[in-house]
Structures are given as structure tokens and as C-alpha cells.
Amino acid sequence: MSICRNVGILPRLTKQCIRLASVQPTRSYADMAFTFASPASVFYNKANVKQIDVPSFSGSFGILPNHVPLIAVLKPGVITVHEQDGQNKRYFVSSGSVTVNDDSTVQILAEEACTVDQLDAQAVRDGATKAAQDLLSASSEVAKAEAQIAMECYEALQKAVDSH
């Protein structure tokens, strides 16, 4: 009896099912178009890569083709790009966002980014020392928060330098 009442919606449901079933992805499983940029540089522009490992505030994770769509906030750390030719390239990012779309496109927009080999170990140590001094001498909650953020960033920079 209930089928008879709902027969009117069958043509509409059938059209939706056909439309959804006929949508074929234009990229193969092995393809992932990757764009990675900062205000100063474009590192990748729709490049086909195997995998991207990213640090985020919800945890570090790897992105492969056909990854579930998501949006995440980057935390200071190293992004590793596994290229199709087998090379792994490492970039330090200060912050930013990562977007994974259902068509296997990935965009990373970083506030600041550079290759890990561009990091100056002495400048990182000096910056960490200054940030620690700023934290100890901070007289307001805002100054303490700013110094703590700087400390966290320099800790991530130091890890990147140490792992290089």
C-alpha cells in the first residue's frame, strides 16, 4: 500500500540515481592534483603526487588519492610531499590550511613556507632563545600568549632542522 502512495516520487528518485551513477571521476586512482602555495611562493600547481604528509592541529596525517574530503588547520611543522618519481620533498610551514576535495585535488595554503634545507639552524636557536626570554619577561596575558606561540613555532622549526 505504501509503495502505491510513493510511486509519484519514483521517477524523480530514478533520475537522481541515474545522474549519480553516471558521474565518473575524471582522474584515475593514482592521480592526485596538488597545489601548494604561500604568499611568497608557489611550490606546486596542480602537480600529480603520490602522497602528502601534513601537520595539523587535529593530528598529523597522510593524504592519498581518493582521500575523504576534509578541511584542516595546519600547525607549525614539516609537510612531506611524495612525488611520482619517488623523491620526497620537505617544506616547513608556519600555519595555514589544507583542503582535500572529493575529486582528489588537494590545496595547501600556508602563511609562510620554505624548503627545510633553507632553514638556518643558528637563526632557529637564536629565535628560540629570544622567545624563551620573551616568555619569562612577559607582563601581560597577551604578551605571554604571543611568546608561547613563538616558542611552539621555534620548537617545530628546531625539529625540522634536527631531522634534516
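Which residue in the turn of the β7 and β8 hairpin has a positive phi? S104 does, at about 65 degrees, and four residues lie between the two strands of this hairpin. Strands here are DSSP runs of E with at least two residues, numbered from the N terminus.

The model is predicted, and local features need pLDDT of at least 70, side-chain atom pairs count only at pLDDT 80 or more, while totals for chains, interfaces and linings use all residues. Residues are numbered from 1 along each chain as its sequence is written, and side-chain values use heavy atoms, with hydrogens and water left out.

Stay with S104. The residue sits in the loop between β7 and β8. Its phi is positive although S104 is not a glycine. Most residues other than glycine have a negative phi. S104 counts as buried, at 4% relative accessibility. Buried means under 20% relative accessible area, exposed over 50%, and partly exposed in between, with a 1.4 Å probe and protein chains only. What does S104 touch, not counting residues up to four places away in sequence? The list is D31, M32, A33, P65 and N66. Contact means heavy atoms within 4.5 Å.

K46 belongs to strand β2. Is K46 buried or exposed? K46 is exposed, with a relative accessible area of 66%.

Now the strand pairing. Two strands pair if DSSP finds at least two bridges between them. β7 and β8 run antiparallel and are joined by five bridges. Across this pair, T99 stands opposite Q107 in β8. β7 also pairs with β4, again antiparallel and through five bridges. There, L74 stands opposite G96 in β7.

β8 has another partner, β1. These two strands run parallel, with five bridges between them. F36 has I108 in β8 as its bridge partner. β1 also pairs with β2. That pair is antiparallel and has four bridges. F34 has A47 in β2 as its bridge partner. β1 and β2 form a hairpin too, with four residues between them.

How many residues of β1 are buried? Five of its five are, and the strand is mostly covered. Both faces are covered. A33, T35 and A37 lie on one side, F34 and F36 on the other, and all are buried.

Leaving aside its neighbours within four places in sequence, I108 is in contact with F34, T35, F36, A37, I52, V54, L74, I79, S97 and V98.
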